[in-house]
Amino acid sequence: MSNTSLPVLVAGGGIGGLASALALVRQGFNVQVFEQASEIGEIGAGIQLGPNAFHAFDALGVGDKTRARAVYTDYMVMHDAIDEYQVGKIETGEAFRKKFGNPYAVIHRVDIHSSLLEGAVETGRVEVLTSTRIEKIEQDEVNHTVTAIDQNGKRWVGQAIIGADGGKSVVRAQYVGDAPRVTGHVVYRAVIDKSEFPEDLKWNASSLWVGPKCHLVHYPLRGGEQYNVVVTFHSRQQEEWGVTEGSKEEVESYFQGICPRARQLIDLPKSWRRWATADKEPIANWVFGRATILGDAAHPTTQYMAQGACMALEDAVTLGEALRVCNKDWATALSLYEKNRVARTARIVLSGREMGRLYHVVGVERLVRNSLWKGRSQERFFDAVEWLYGWNANNCLQQG
């Protein structure tokens, strides 16, 4: 039974939080979203969107908004950063779209967030409260309610709570309490205007340069008026999970020995943001009474699979579908949601670790990596990623 006069509470107003709010509204719930920042918004730079993300946007009712803001790439390509050898290339044009029912695209995080926020506001059933950090949760099993307590001691009562509060989730900390796994990999991100970006790298592609203990990524944003630049390296020092201002001198010190064409990327930004990355060991239990977790709170991952935001969107859609098929019975729906997300998201976390290792190999392992996909047809590439991009709202639940 649910106290249906109460809203569903969502801790976190990022991509996962707003996506879950939209999914809940579509099942008839009112939603309160709590965001600790003083303004609702996103930081960061560009991210990549597979067809699975567009399937999720459509299911959430914001497909058109997001498509209008995305840049559609012609291919994904990996080059060796030492000698420019093309390791692999997946074409993302007509055949790709036909195979997966949606495109591959790149987009600024802010543009995704704007689409979700606009969609949420338009429903008239999502209340967003800023400067509000949820710090503790209490549950009343008799009345089937949850109470979220914020940093000022104010109590918010709802029929359930979704912890979409990121990798350092307070909700997960209360119920799980596990420590992060700091990778030692540092990521620098910047956005460059088209006029300042090298002509010989203005590819309409998601482009990856893999090197010894480092790699570089670039792709267009906002109609090609800007370019996203990301560089990653293995830090020489002990890192702590977090975001700080970066320095050009540090970046330059890690990219000696790579080809001039790739190296010019690190000379472009006037300022960098520095992410010391971490993930967590996958967990099997996401449900704690009428509380659950979603997105980075449930499965914080490294960036190597380019699926962090995509998984949060999938989580939200799956949660909504579980509530639908379970007739809004929270206990049954949350169990079904958990069952259908744990293995898939764990595969992303574990695959991300392995992909990061593969990108950064040295010596003979580098030669092995460069030979892995030699001569592979596009059809075989498509088959290899079907497990990832073939997800949609119609196949997201397995109830057996």
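User: What makes β5 largely enclosed by the rest of the structure?

Analyst: In this predicted model, six of the six residues of β5 are buried, so the strand is largely enclosed by the rest of the structure. Buried here means under 20% relative accessible area, and this holds for both faces of β5, since Y75, V77 and H79 point one way and M76, M78 and D80 the other way, and all are buried.

User: Which sense does the pairing of β5 with β14 have, and over how many bridges?

Analyst: The pairing of β5 and β14 is parallel and runs over six bridges, where at least two are required. One of the residue pairs joins D80 to V210 in β14.

User: Why is V368 called partly exposed?

Analyst: V368, which is found in helix α11 (residues 364–371), has a relative accessible area of 46%. Buried would require under 20% and exposed over 50%, so a value in between is called partly exposed.

User: What puts the buried residues of α11 on the same side of the helix?

Analyst: The buried residues of α11 are R366, R369 and N370. They cover an arc of only 95° around the axis, which puts them on the same side of α11. As a general point, an α-helix has 3.6 residues a turn, so residues three or four places apart point the same way. On the other side of α11, V364 and L367 are exposed, while the cover over the buried residues includes β5 (75–80), β6 (86–91), β14 (205–211) and α10 (330–359).

User: What makes β3 and β4 edge strands?

Analyst: The open sheet of three strands has the order β3-β7-β4, with antiparallel pairing. In this sheet β3 (46–49) and β4 (71–72) each pair on one side only and are therefore the edge strands. β4 and β7 (residues 105–108) pair over two bridges, which meets the requirement of at least two, and V71 has V106 in β7 as its bridge partner.

Note on methods: Residues numbered from 1 in each chain as written. Predicted model: local features only at pLDDT ≥ 70, side-chain atom pairs only at ≥ 80, totals over all residues. Heavy atoms only, no water. Helix = DSSP H or I, 4+ residues; strand = E, 2+ residues; numbered from the N terminus. Buried < 20%, exposed > 50% of the residue type's maximum accessible area, 1.4 Å probe, protein only. Arc of directions from axis to C-beta. Contact = heavy atoms within 4.5 Å.
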